[in-house]
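My plan was to take it one topic at a time and jot down what turned up.

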Amino acid sequence: MKPMLKACSEIFDRSPQPFGVARLHVDETGQPVDFSYVYLNPAMAALTDQTVDELMGRKVYEMWGGDTTWLDAFYRAAFYDEPCEFEAVSALINQFMRAMAFPVSMKGYCGFMVSNVTDVLMQANLSTRAVAAYLFFYDMRTNLIMLTPSACEAYGLSSNYTSLTDLTRELFGPESEREIRTRALAFKDGGADILYEGMTLDGRWIQLSVGHVGETNRFGMGLLEDVTRRKRVEEGSAEQMRLLRRQKAALEDALALAEHASRAKSTFLTNMSHDFRTPMNSISGFAGIALNHLDEPERVRDCLDKINRSSAHLLSLVNDILDMSRIESGKVVLEERPVDLLEMARGMEVMFSGQAAERGMDFAVTTDEVRDARVMADELRLNQILVNIIGNAFKFTPDGGLVEVKMWQHAEAPSGYGRYSMSVIDTGCGMKPGFEETLFNPFEREGSDGTEHTEGTGLGMAITRNLVDMMGGTLEVTSHVGQGSEFVVTVPLRLAQAPEDDAAELVPTTEADVRDVYSFEGKHALVVDDDELSREVMCEILKQYGFTVEEADDGTSAVAAVAAAQAGTFDVVIMDMRMRQMDGDEATCAIRELPRADAATLPVIAVTADAFEESAQRAKAAGMTAHTTKPLNVRNLLNILIDCLR
């Protein structure tokens, strides 16, 4: 204690800056109750118009009472090594005071300095605040500083008495020395306060600041403050700004894509308006022509043939839209069945050879390099992929051109699988550079080299790419304007078992497999549909093949008709799935529950415009015998009837 007081006396006795050292007094619980002076310089004593001797050893609150801000700040500095700077109103001298309390080498004691800042506070309207930092003294004559032990401990410093440049080198590394030395020289000449901020060798951010004390040109007061949290907040803010910029860029890209999609959909709707109206116009137009030429059978037959072709085209447009919707919603499920790839290729050849002949085009399908033709696959979807690609090749190839389909099997594949590629090459108009990147986007269509209008939804290739992806395959395209295009589909397919094990599962793919003779003389059918025209069409078809028919216009009437008839009256019920009052599946369940001998065995065939697999599953769950779709495929219906009634 004595050496410290002696040093204070030597340094501060003649200083105009009020300075003192206080001893804190605590109660039994360790809480501060008062403090007394163990050292005061004359400037500090003069603030109260008393001498040093009159105040030494006296307890402050015992003498004057007043604001406990001083007691709390002194207590933190004396017992917790927390330097404090604060403002307070002194009722004793009627002034605003700024005080600094800081730790000294002895616990329970603190140093303090006081400044009269009444004028500054009145002008700047400063609010009171407390700053926690490690305070040190700076001697400008020697460039030496004196740190408290707690500051040395907090920052891992080797000595509490060192030069300012040595301190900064130890904290921040040698690169800080030159800058600190330059600032210190300016500070000694009355220049600006020293402020330096840098990262310490242990990764923390420290701010060093030194300010002039009073009007003396000998001492400065310094603070070492850990600002790591603030820097991290700033860095976080900077990172957040970078993130926001990236998000903004992503949003701009998304907006551009959305605008592109919007334009594509608008174009799609415009095209669909044309594409739907074209076959509808043909249907209504040729129907009118046929009605006006009923006495010319050949003319009527030609009109009906063109109506059928326009209807098929219209149905393909609708199917494309429905397929894309199902794919995007994740409702398409691939169903593997035994498929003969060579038969499928022959089916493609039969399907397109007539069109090729009409247009004078060379069309060839080669499968020489397929070793294992029998595979497990979803034949419907695999056919759809090939039909879409081959159909596009014909669409964009002028009359007299070439379309070539090649199918081959790769040499290597996982055990039990084959790896197959199918290539479609054409000598058509080709695609503009860059269009390959958007070709598989929904609603995209391109007409080039004189192709002013391209029929279709713009969904075919998007559907094709999605189906290929679902099969675990790849779809590659190369194209050159005026020269043509090549599409290559590569898919892994599981090899099928021996033919005798699965021959029964194979689905007929050629016209020869379809039955040609149907006779249902003596059979009685109940036709149930809430659409009068649909009932009329169905009844006429059944009558053509020998059926007698009764009609019901909804599910409730159908159940009543079956319940009122004797067992065996109806040989089959043709039931629409969606109707007023009671749907077809509900009506079927009600029929199955009737107390009659044929309730469980009466064939009920679902006929619905819902072509999705969920509809077939719903019909099966209701106990319906079979399922077919609208528009009606008559031969498919007749085959189902033969299977149910044989």
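**Entry 1: cysteines**

I began with Cys-8, which counts as buried because its relative accessibility is 8%, under the 20% cut-off. One reminder to myself before going on: this is a predicted model.

How many disulfides does the count come to? I got zero. I then checked Cys-110, which is in no disulfide. The nearest cysteine sulfur belongs to Cys-84, and it sits 9.0 Å away. A disulfide needs the two sulfur atoms within 2.5 Å. Cys-110 has a relative accessible area of 0%, so I wrote it down as buried.

**Entry 2: the chain as a whole**

Next I stepped back to look at the whole chain. I noted 20 helices and 23 strands. The chain has 646 residues, and 43% of them count as buried. Its accessible surface comes to about 34,600 Å², with 51% of that belonging to carbon and sulfur atoms.

I also looked up the contacts. Among those with a separation of 6 or more, 61% are between residues 24 or more positions apart.

**Entry 3: aromatic pairs**

Then I turned to the rings. How many aromatic pairs does a search of the whole structure find? The search gave me 16.

I picked Phe-19 and Tyr-39 to look at. Their ring centres are 6.2 Å apart and their planes meet at 55°, so I noted the pair as tilted. Phe-19 belongs to strand β1 (residues 19-26) and Tyr-39 to strand β2 (residues 32-40), so this pair ties together parts that are 20 residues apart in sequence. Buried or exposed? Both Phe-19 and Tyr-39 turned out to be buried.

Phe-363 counts as buried because its relative accessibility is 16%. Phe-394 is buried too, since its relative accessible area is 1%.

I also came across an aromatic cluster, made up of Phe-35, Tyr-37, Tyr-61, Trp-70, Phe-74 and Phe-112.

**Entry 4: salt bridges**

On to charges. Side chains of opposite charge can pair when their charged atoms come close. I counted up the salt bridges and got 15.

Arg-169 and Asp-166 form one of them, with the closest N and O atoms 2.6 Å apart. Both residues lie in helix α8 (residues 164-172), three residues apart, which is about one turn of the helix. Arg-169 counts as partly exposed because its relative accessibility is 31%. Asp-166 is partly exposed as well, since its relative accessible area is 30%.

Glu-177 and Arg-181 make another salt bridge, and here the closest N and O atoms are 3.5 Å apart. The two sit four residues apart in helix α9 (residues 177-188), about one turn of the helix. Glu-177 has a relative accessible area of 16%, so I put it down as buried. Arg-181 has 41% relative accessibility, so it went into my notes as partly exposed.

Which residues are linked in a network of salt bridges? I found Asp-166, Arg-169, Glu-177 and Arg-181 joined up this way.

I looked at one more salt bridge, where the side chains of Arg-618 and Asp-585 meet at 2.6 Å, N to O. This pair links distant parts of the chain, 33 residues apart. Arg-618 is in helix α19 (residues 613-621), and Asp-585 is in helix α18 (residues 584-592). Arg-618 counts as partly exposed because its relative accessibility is 30%. Asp-585 counts as buried because its own value is 11%.

**Entry 5: a last residue**

I finished with Asp-302. Where is Asp-302 found? I located it in helix α11 (residues 297-328). Its relative accessible area is 33%, so Asp-302 is partly exposed.

I also compared Asp-302 with Phe-286. They are 16 residues apart in sequence, and their C-alpha atoms are 8.8 Å apart in space. That went down as my final note.

Notes:
Residues numbered from 1 in each chain as written. Predicted model: local features only at pLDDT ≥ 70, side-chain atom pairs only at ≥ 80, totals over all residues. Heavy atoms only, no water. Phe/Tyr/Trp six-rings, centres within 6.5 Å; stacked < 30°, edge-to-face > 60°. Buried < 20%, exposed > 50% of the residue type's maximum accessible area, 1.4 Å probe, protein only. Salt bridge = Lys/Arg side-chain N within 4 Å of Asp/Glu carboxyl O. Contact = heavy atoms within 4.5 Å. Areas by Shrake-Rupley, 256 points an atom, 1.4 Å probe, with all protein chains shown as cover.
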